[in-house]
Amino acid sequence: MIVYPQLGKAQFLRGNQIKLPQLGWLEYVKSREIPDGFIVKQARIVRKASGYFVMLTLECDINVPSPVSSGHPVGLDLGLDKFAATSDGLLIERPRFLNSLHRKLKLLQRRLKHKQKGSNNRHKLNRKIARLHQRISDTRKDWHFKLAHKLCDDIGMMFVEDIDFRTWAKGMLGKHTLDAGFGQFIEILKWVCWKRGVYFEKVNKDYTSQVCPQCDTHTGKKELKDRIHSCLECGYTTHRDVAAAQVIRNRGVSALGRSVEENACGDGLAGTGNSLVKSRKSRNKSGEARLQSAS
Ligand SMILES: [Zn+2]
């Protein structure tokens with residue numbers, strides 16, 4: 001990967017050509033137009049199995065307010081059995097189409113063992129494996145985007161657990177977690193929420209699966225095989241992941257209530273210092289375009 005952190009003021013874009021230091025004018029396939037009011041700050045050249053890509057980081061100097069906390073609240077629980085569950089009772093299955101691609105990958109990797117080191121056939125097979133890896137990651141990303149958009153339909157606020165997926169992945173659940181790409185999904189979800197005007201916030205992750213969302217009673221640890229939340233105290237019964245998502249939603253909503261109160265009695269001025277309506281000075285946006293030829 002090559003990064004050009006500062007492209008400077010000189011003209012470096014014309015039509016479908018980009019001028020890069022040391023490389024000169026290059027032709028590329030523009031995947032989308034640069035929107036009005038944006039300037040290009042940075043260019044990154046990334047080599048993928050399917051070719052060379054140039055990613056442009058854009059910036060604009062206007063205030064873009066973050067979505068306000070209002071509307072229907074939804075909590076989201078990510079898991080290993082179901083990919084995700086919402087506090088409204090929606091269960092999202094793990095995508096099946098990745099299974100067949102993974103099977104194909106394993107087959108190719110097995111075949112690689114029988115190929116002689118340094119041989120042309122081995123080289124060809126390696127290229128094929130790299131392309132398949134790329135296809136799997138593209139397919140997964142596409143699914144993440146579609147799911148994020150679906151989750152944003154008809155809601156006003158989205159709450160997720162504040163989990164560091166990098167440390168989570170190191171545990172015994174490692175392989176599955178990495179495979180599901182939870183970290184990437186949360187980043188995509190955050191971005192889609194912002195784009196769709198849905199308020200997004202992370203909440204404390206502790207004991208979300210051990211508390212009753214209806215009466216707040218600590219119900220004790222559930223085993224992985226226990227698929228149902230059933231409260232001995234109030235009798236509330238639902239899917240365990242839905243219960244966890246409802247706890248996450250409740251935490252998000254009550255955290256909002258607290259910061260509204262804090263602000264109200266803070267300096268007495270309504271609207272000032274409100275932590276819920278943050279605004280960002282600049283906004284970054286990434287565009288990706290494929291380089292056609294490197295001359
Ligand atoms: Zn209960």
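Which residue lies over the face of Trp 25?

1. Arg 14 does, at 3.7 Å from the ring centre. A charge sits over a ring if NZ of Lys or CZ of Arg is within 6 Å of the ring centre and within 35 degrees of the ring normal. Lys 48 is placed over the face of Phe 53, 4.8 Å from the ring centre.

2. A word on the basis: this is a predicted model, where local features need pLDDT of at least 70, side-chain atom pairs count only at pLDDT 80 or more, and totals for chains, interfaces and linings use all residues. Residues are numbered from 1 along each chain as its sequence is written, and side-chain values use heavy atoms, with hydrogens and water left out.

3. Cys 212 is buried at 0% relative accessibility, and Cys 231 is buried at 4% (buried means under 20% relative accessible area, with a 1.4 Å probe and protein chains only).

4. Phe 83, Trp 143, Phe 182 and Phe 185 make up one aromatic cluster (rings, six-membered for Trp, pair if their centres lie within 6.5 Å). Within the structure's five aromatic pairs, Phe 83 and Phe 185 are edge-to-face, with centres 5.4 Å apart and planes at 75° (edge-to-face is over 60 degrees). Both residues, Phe 83 and Phe 185, are buried.

Conventions:
Buried means under 20% relative accessible area, exposed over 50%, partly exposed in between (1.4 Å probe, protein chains only). Rings of Phe, Tyr and Trp (its six-membered ring) pair if their centres lie within 6.5 Å; planes under 30 degrees apart count as stacked, over 60 as edge-to-face and the rest as tilted.
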